[in-house]
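Work through the exercises below with the sequence and the 3D view side by side. Try each task before you read its solution.

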Amino acid sequence: MVLILTIINILVSPALREKLSYELCCEISKASPDEMIDCIVIMKESYPYEVMEAYPIKERIRTYREIAELSQTPLIQWLSGRTDAKVHQ
């Protein structure tokens, strides 16, 4: 248990560590450098589903894509700057 927490402390920054579940931190610590880990990322930005119901489907799709792009940009940039991460979009 202590070894896993030590590895997590080394590999994951303190600001990010606070936002990860314990289970995900364990998976990260056990994974090999080329192994992909499936996880669900919950972004702060939420989608205005109720407001968008009145809009045509093309407008909703455009809006949802725009929100996703804007809210995920910092995470994608952070991952792209790491040599030990690959971003798949």
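**Exercise 1. Find where helix α5 bends, and say by how much.**

Solution. This is a predicted model.
- Step 1: Locate the helix. α5 covers residues 57–80.

**Exercise 2. List the buried residues of α5 and state which helix they pack against.**

Solution. 
- Step 1: Pick out the residues. T63, I67, A68 and S71 are buried in α5.
- Step 2: Think about helix geometry. An α-helix has 3.6 residues a turn, so residues three or four places apart point the same way.
- Step 3: Name the partner. The buried residues of α5 pack against α4, residues 49–52.

**Exercise 3. Decide whether T63 is buried or exposed, and find the backbone oxygen that its side chain reaches.**

Solution. 
- Step 1: T63 sits in helix α5.
- Step 2: Check its accessibility. The relative accessible area of T63 is 14%. Buried means under 20%, so T63 is buried.
- Step 3: Follow the side chain. The side chain of T63 reaches the backbone oxygen of E59 at 2.9 Å.

**Exercise 4. Count the aromatic pairs and classify those made by Y47.**

Solution. 
- Step 1: Search the whole structure. There are 3 aromatic pairs.
- Step 2: Take Y47 and Y49. Their ring centres are 5.7 Å apart, and their planes meet at 45°. Stacked needs under 30 degrees and edge-to-face over 60, so this pair of Y47 and Y49 is tilted.
- Step 3: Take Y47 and Y64. Their centres are 5.3 Å apart, with 85° between the planes. The pair of Y47 and Y64 is edge-to-face.
- Step 4: See what this pair connects. Y47 is in the loop between α3 (22–30) and α4, while Y64 is in helix α5. The two residues are 17 residues apart, and their pair links distant parts of the chain.
- Step 5: Check the accessibility. Y47 is partly exposed at 29% relative accessibility. Y64 is partly exposed too, at 21%.
- Step 6: Ring pairs join Y47, Y49 and Y64 into a cluster.

**Exercise 5. Describe the chain as a whole: its helices, strands, buried share and surface.**

Solution. 
- Step 1: Count the elements. The chain has 5 helices and 0 strands. Its pattern is α-α-α-α-α.
- Step 2: Of the 89 residues, 12% count as buried.
- Step 3: Look at the contacts. Among those with a separation of 6 or more, 19% come from residues 24 or more positions apart.
- Step 4: Finish with the surface. The accessible surface comes to about 7700 Å². Carbon and sulfur atoms hold 59% of this surface.

How values were computed: Residues numbered from 1 in each chain as written. Predicted model: local features only at pLDDT ≥ 70, side-chain atom pairs only at ≥ 80, totals over all residues. Heavy atoms only, no water. Bend = angle between axes of the 7 residues up to and from the residue. Helix = DSSP H or I, 4+ residues; strand = E, 2+ residues; numbered from the N terminus. Buried < 20%, exposed > 50% of the residue type's maximum accessible area, 1.4 Å probe, protein only. Contact = heavy atoms within 4.5 Å. Areas by Shrake-Rupley, 256 points an atom, 1.4 Å probe, with all protein chains shown as cover. Phe/Tyr/Trp six-rings, centres within 6.5 Å; stacked < 30°, edge-to-face > 60°. Polar contact = N/O pair within 3.5 Å; in protein donor to acceptor, adjacent residues only side chain to side chain.
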